[in-house]
Amino acid sequence: MIYLDNAATTPVHPGVLKAMLPYLEEQYGNPSGIYEFAEKSKEAVDRVREIIAASINAKPGEIYFTSGGTESDNWALAGMAEALSGKGNHIITTAIEHHAIINTCEYLKQRGFDITYLDVNKEGIINPKQLADAVRKDTILISIMAANNEIGSIQPLKAIGEIARRNNICFHTDAVQAYLHMEMDVRKMNIGMMSASAHKFRGAKGCGFLYIRDGIKPAAFMHGGKQESGIRAGTENVPGIIGMGEAVRITIQEMQKNIVYVRNMRDYLLYRIEHEIPGVVLNGPRHMRLPGNLNVSFLGIEGQSLLIMLDMDGICTSSGSACTAGTSGGSHVLKALGADDGRLKGALRMTLDTQNTMEEMDYVIWRIKENVAALRDKS
Ligand code: PLP
């Protein structure tokens with residue numbers, strides 16, 4: 001099998017599994033316990049807080065463990081909406097966010113909040129001037145993703161952070177696809193809250209974190225015990241958190257090397273597709289793009305049909321994000337770029353990671369060429 005759907009999820013790194021196992025077997029103490037056995041779990045969880053904080057230039061006390069990207073996004077938006085509803089009811093986001101953001105915004109809209117969805121240019125990048133113009137007196141939150149899950153476009157985070165700082169508004173970024181795939185520095189970028197998810201960087205599913213800068217106080221999202229400074233109740237997912245810490249530790253050391261390796265492979269794949277197959281459109285930017293992301297439309301065919309043929313060849317790809325798979329109507333992200341019907345229908349996303357190889361790329365290109373030709377012959 002050749003796995004090219006790393007934006008949907010990644011395999012757990014062997015080192016991560018090894019780090020997790022003792023916390024499922026012998027070291028199973030509940031971090032809330034006050035005897036030594038339980039305190040060992042708490043110490044291990046707090047060490048992960050330190051590792052994660054160091055990786056984004058934050059303080060350990062600013063890291064809150066969650067069940068993943070969706071929860072972190074929901075908490076950031078709904079928590080701030082609840083906490084600041086007396087101050088204002090306007091939230092700014094973009095038209096290309098993940099559904100964890102869009103559907104939470106739509107939920108808040110039903111409860112009286114006013115949502116501005118910023119447009120993006122044809123490469124999937126917002127215009128900071130439009131953001132500055134959209135800010136109002138009653139704006140309580142700016143939520144703009146760091147990098148897009150479908151087309152890999154990277155937003156001008158520093159410029160966004162600067163606008164948020166000037167207007168004294170919290171800037172939340174969904175960094176689920178970006179974290180550990182590009183540099184994230186919450187101080188330099190003036191990020192107030194940041195969502196991340198372990199299974200996107202070789203950790204286990206069902207575990208993530210929300211960075212919340214000191215002084216920002218979203219309402220509690222889960223009510224119950226006093227875990228996570230009393231604002232996110234529930235017994236910690238200790239094995240998941242330990243694994244996430246190990247995934248960060250392993251990845252951060254090799255991040256620059258990994259970025260170059262994955263980007264070279266992606267660029268080779270794109271080069272050969274563009275040069276050897278006619279009727280191909282690159283979706284998203286050529287440069288301000290996540291290193292492992294490739295999204296292209298093969299005009300005149302159905303991306304879904306190509307996906308199925310590639311699956312029969314042992315290649316896993318996607319025709320959009322994992323969360324929109326199976327829904328009809330085409331990707332809201334590609335629509336926001338102004339893509340026409342042919343581009344919407346013919347889209348295929350391939351997301352690469354370090355376990356992929358150049359030999360795999362040669363096989364993938366060969367299979368895409370043959371399958372695209374066969375599908376075009378049929379139509
Ligand atoms: N945000 C983005 C940009 C994503 O790509 C995803 C998952 O694909 C999520 C949020 C949701 O994360 P999780 O799967 O951890 O709930």
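Predicted model: local features only at pLDDT ≥ 70, side-chain atom pairs only at ≥ 80, totals over all residues.
Let me start with strand β10 (residues 293-298), which is joined to β12 by five bridges, the two strands running antiparallel; strands here are DSSP runs of E with at least two residues, helices are runs of H or I with at least four, both numbered from the N terminus, and two strands pair if DSSP finds at least two bridges between them. Residues are numbered from 1 along each chain as its sequence is written, and side-chain values use heavy atoms, with hydrogens and water left out.

The open sheet has three strands in the order β9-β10-β12, with antiparallel pairing. Its edge strands, each pairing on one side only, are β9 (280-282) and β12 (347-351), and from one strand to the next the twist averages 25 degrees. Within the pairing with β12, V296 has L348 as its bridge partner.

Helix α8 packs on this sheet and touches β10 and β12, its direction making about 45 degrees with that of β12; contact means heavy atoms within 4.5 Å, and axes are lines fitted to C-alpha atoms, for helices over the stretch in contact, with angles running from 0 to 180 degrees between N-to-C directions.

What does S318 touch, leaving aside its neighbours within four places in sequence? Its contacts are D5, L307, L348 and R349. S318 lies in the loop between β11 (315-316) and α9 (332-336), and counts as buried at 7% relative accessibility, where buried means under 20% relative accessible area, exposed over 50% and partly exposed in between, with a 1.4 Å probe and protein chains only.

Turning to helix packing, the axes of α8 (residues 303-312) and α11 (residues 358-378) come within 10 Å and cross at roughly 130 degrees, and the two helices are therefore oblique to each other; angles under 35 degrees count as roughly parallel, over 145 as roughly antiparallel, 65 to 115 as roughly perpendicular and the rest as oblique. On the α8 side the contact is made by S305, L306, M309 and L310, and on the α11 side by R367, I368, N371, V372, A374 and L375.

Helix α7 (residues 238-276) also has an axis that comes within 10 Å of that of α11, with a crossing of roughly 25 degrees, so α7 and α11 are roughly parallel to each other.
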